[in-house]
Amino acid sequence: MRIRSIIATGLALGLMACSPTTPRDVTHAYWQAMIEDDAETVTRLSTLVSTAAYDGYDQSWQGVDFSLGRIVIDQQAATVDVVLSGLSDANGAERTVTTHLVQTDDRWRVDYYATYDAFNDRPIVDRVMGTLSGLSDRLSSEWSRHSSQAAREMEQLARELRQRADEMNRKLEPELERYAQALQNAIEQLVASLREALENTPSASPADKRNLNQTIYYLEQQQNRLEQPDLQGVAESSQALTESRIALAELGSEFSDYQNQWQQLFDEMRETIQSMLSSTE
């Protein structure tokens, strides 16, 4: 057993040593994997949470080559210019695409969808308008109406938490870990359900897959924030839940069976926060 453990540890260390660590190396490995249509490597090197969300940017990569250009690192964000040649829709011309990276958990990852938008040359205004499109249709559904009301309530709770942070930190310190653990458990259940929905619904639209992926990634970051709980972390998680609830209300009808489950989890988390607020009154 000890020998097996040593071998496993050695393999893990070997893989870590071979993994790219700098923005330049991560970017190079990412685009090489993209050209080879290697969904697993692209997912590992990026903000994708599952290969189910991988779409290869809807591009044929046969015959494409690339080189790296300017690199800019700004704290936990970076950009790397990538010059692509051989794209089928570029008529032989080279094309420069900005690769966006973020540093989380001491690892650099390519921001898959920010880079997708850069690849497709989507301006910020277009992205915002795309998010707002169909709002009236979404709000017409019963789940969306319920979700919007619950989101407003969650936002109010988050605001109250921020306003009362100093006072509540003193009163809640003995119990804060318990409340944070309850939130972590609920977020973990929600993330597991969202992953299942993403992986079990291959017919979902690209927009819905993107929505699910980004929500999962965002919530997982909040789980990490609660590892060492304080009231600010709980407030940030409450805000994240508000934004996630609004985002999930945008999903198509394929996810109607999941939405009741998500609604229940959101309600449980709201009750946990309300209970915490009540305990300090």
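This is a predicted model: local features need pLDDT of at least 70, side-chain atom pairs count only at pLDDT 80 or more; totals for chains, interfaces and linings use all residues.
Q: What makes up the secondary structure of the chain?
A: The chain has 11 helices and 4 strands. Buried residues make up 43% of its 281 residues.

Q: Why is Gln184 called buried?
A: Its relative accessibility is 10%. Buried means under 20%. The value falls under that cut-off, so Gln184 counts as buried.

Q: Where is Gln184, and which residues does it touch beyond its neighbours within four places in sequence?
A: Gln184 sits in helix α8, residues 165–199. Leaving those neighbours aside, it is in contact with Gln223, Leu226 and Glu227.

Q: What makes the pair Gln184 and Gln223 a polar contact?
A: A polar atom of the Gln184 side chain lies 3.1 Å from the backbone oxygen of Gln223. The cut-off is 3.5 Å between N or O atoms. The distance of 3.1 Å is within 3.5 Å, so the pair meets the distance cut-off.

Q: How do you know that the span of helix α9 is close to the expected one?
A: Helix α9 covers residues 206–225, which is 20 residues. From first C-alpha to last it reaches 29 Å.

Q: Which residues of α9 are buried?
A: Among them are Asp208, Leu212, Ile216, Leu219 and Gln223. Residues three or four places apart in an α-helix point the same way, because there are 3.6 residues a turn.

Q: How do you know that β1 and β2 pair?
A: Strands count as paired with at least two bridges between them. β1 (residues 65–74) and β2 (residues 77–85) have 8 bridges, so they pair. The sense is antiparallel. Ser67 stands opposite Val83 in β2.

Q: What lies between β1 and β2 in their hairpin?
A: There are 2 residues between the strands. Gln75, in the turn, has a positive phi of about 60°.

Q: What makes β2 and β3 a pair?
A: Again, at least two bridges are needed. β2 and β3 (residues 95–104) are joined by 8, so they pair, and they run antiparallel. Asp81 stands opposite Thr98 in β3.

Note on methods: Residues are numbered from 1 along each chain as its sequence is written. Side-chain values use heavy atoms; hydrogens and water are left out. The expected span of a helix is 1.5 Å times one less than its number of residues. Buried means under 20% relative accessible area, exposed over 50%, partly exposed in between (1.4 Å probe, protein chains only). A polar contact is a pair of N or O atoms within 3.5 Å; within protein, one must be able to donate a hydrogen and the other to accept it, and residues adjacent in sequence count only if both atoms are side-chain atoms. Contact means heavy atoms within 4.5 Å.
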